[in-house]
Amino acid sequence: MFLAWKEIKYSKTRFALIIGVVVLVSYLVFFLTGLAYGLAQENRTSIDKWEATGIVLADESNLNINMSMFPKELVDEVDASETASLGVTSSVVQLVEDSEDDDDSKVNVTFFGVNEDEFIFPEILEGESLQNDNEVIADISLKEEEGYELNDELSLAGIDTTVTIVGFTDNAKFNVAPVLYTDQSTYQHIRASGFGERDDEIISAVVVQTDSGELEGVDLGTDDLEIFEIDEFISNLPGYNAQVLTFGFMIGFLVLIAAMIVGIFIYVLTLQKTSILGVMKAQGISSGYIGKSVVGQTLLLTLFGVLTGLGLTLITGLLLPNEVPYMNNILFFAGITTLLIVVALMGAFFSVRTVVKIDPIEAIS
């Protein structure tokens with residue numbers, strides 16, 4: 001390590017360029033990871049809040065909650081430790097005082113029809129709970145990003161109805177859209193505007209929570225319903241798997257590329273020092289000592305570059321606007337840091353092989 005550090009201090013410009021490349025690539029990897037994780041979470045945060053074991057959908061829904069509709073009476077058929085009925089429908093809302101021609105003020109949202117006495121009812125950060133019809137509890141992002149406030153009235157696209165924000169909750173995004181929680185009565189009215197008036201009440205799903213954490217003991221009571229693990233339901237959200245896989249492969253390849261860059265730089269530097277290394281070996285310095293210096297040098301360069309890239313990423317995350325779906329995940333960052341360093345060290349061993357094969361006489365001559 002002493003030899004490695006002395007060489008870095010002697011050739012500052014050369015090694016600064018190597019560190020700079022590592023910083024830029026690792027910064028890109030960490031930043032993409034934060035974006036990928038943030039985007040994935042915006043698909044599922046409202047579901048994670050349930051801490052549910054499974055979800056019951058209509059048999060013909062093909063695991064799509066937007067296509068799942070069945071009579072509310074079937075909720076009583078589901079036998080589990082704890083159940084909660086859920087209605088889901090999408091809409092576009094706009095502040096009543098805004099001009100109808102102002103498209104920039106319109107927001108895509110998802111309405112969740114819930115019951116206050118059931119476990120999926122959200123925790124309120126600001127405001128109060130639902131007291132009357134046509135009241136909603138909104139995700140806090142509508143306040144932070146759109147400027148909505150308590151008691152604001154929202155008009156709904158395609159329906160002559162307004163709803164009033166009476167509270168805010170956090171971590172309530174579904175398929176990237178903010179969630180508006182409302183009571184079942186209001187949900188039924190909003191849903192009916194899109195599917196036509198019906199005499200019976202229709203819901204989208206039954207969320208299930210079991211004491212054992214397993215679904216084997218859940219009895220649906222009818223063949224018209226089907227139950228799924230909550231993780232399976234999340235994996236089948238529209239676009240969710242495509243996003244996760246795309247960013248996953250991209251980040252994986254960037255990690256390999258970054259590590260290969262470090263390995264190639266170290267290998268080229270080793271070849272350029274062949275004559276010097278030959279003289280060192282002729283003086284009795286062992287190949288093992290020189291090899292350890294090469295590996296130590298790679299470790300120093302990679303460690304400094306990767307940690308600098310990580311620091312820049314954390315600073316960038318603090319400066320990004322709320323609209324950007326960025327979120328830090330310490331476990332992911334720690335794993336990528338370890339992977340970058342390990343793969344770079346593996347590349348350094350090719351340089352060690354070169355050191356071992358150096359013939360002092362040939363190198364000197």
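Predicted model: local features only at pLDDT ≥ 70, side-chain atom pairs only at ≥ 80, totals over all residues.
Reader: What makes the space lined by Val 22, Ser 26 and other residues a cavity rather than a pocket?

Author: The word cavity is used because a 1.4 Å probe fits at its points but cannot get out, whereas a pocket is an open set. A search of the whole structure finds one cavity of 30 Å³ or more, and about 30 Å³ of space lies in the largest cavity. Its lining consists of Val 22, Ser 26, Ala 258, Ala 259, Val 262, Thr 302, Val 306, Leu 340 and Ala 344. Helix H2 (12-48), helix H6 (240-272), helix H8 (287-319) and helix H9 (330-357) are the elements that give two or more residues to this lining, and the largest share, three residues, comes from H6.

Reader: Why is the largest pocket said to lie between domain 1 and domain 2?

Author: Domain 1 (2-44 + 241-364) and domain 2 (54-209) both give residues to the lining of the largest pocket, so the pocket lies between them. Its volume is about 390 Å³, and of the 21 residues that line it, Glu 42, Glu 145, Asn 322, Tyr 326 and Met 327 are the closest to its centre. The elements that give two or more residues to the lining of this pocket are H2 and helix H3 (141-146), and H2 gives the most, with four residues. By class, the lining of the largest pocket divides into eight nonpolar, seven polar and six charged residues.

Reader: What makes strand E4 mostly covered, and which strands pair with E4?

Author: A residue is buried when its relative accessible area is under 20%, and in E4 (residues 107-114) seven of the eight residues are buried, which is the ground for calling the strand mostly covered. Two strands pair if there are at least two bridges between them. Strand E3 (residues 82-95) and E4 pair in the antiparallel sense over seven bridges, with Val 92 having Asn 108 as its bridge partner in E4. E4 and strand E10 (residues 177-183) pair in the parallel sense over five bridges, and here Phe 112 stands opposite Tyr 181 in E10.

Reader: What makes the phi of Glu 51 worth a remark?

Author: Most residues other than glycine have a negative phi. Glu 51 is not a glycine, yet has a positive phi of about 55 degrees, and Asn 175, also not a glycine, has a positive phi of about 55 degrees.

Reader: Where does the name "transmembrane region" come from, and how much helix is in residues 244-271?

Author: The name comes from an unreviewed UniProt entry, which lists residues 15-39, 244-271, 299-320 and 326-350. In the model, residues 244-271 are 100% helix and 0% strand, with end C-alpha atoms 41 Å apart.

Note on methods: Residues numbered from 1 in each chain as written. Heavy atoms only, no water. 1 Å grid on protein atoms, 1.4 Å probe; cavity = no way out; pocket = protein on both sides within 12 Å on 5 of 7 lines; lining within 4 Å. Points joined across faces, edges and corners; volume = space filled by probe spheres on them. Nonpolar A, V, L, I, M, F, W, Y, C, P; charged D, E, K, R; others polar. Domains from an automatic or database assignment. Buried < 20%, exposed > 50% of the residue type's maximum accessible area, 1.4 Å probe, protein only. UniProt positions renumbered as here; feature names shortened; annotations may be inferred.
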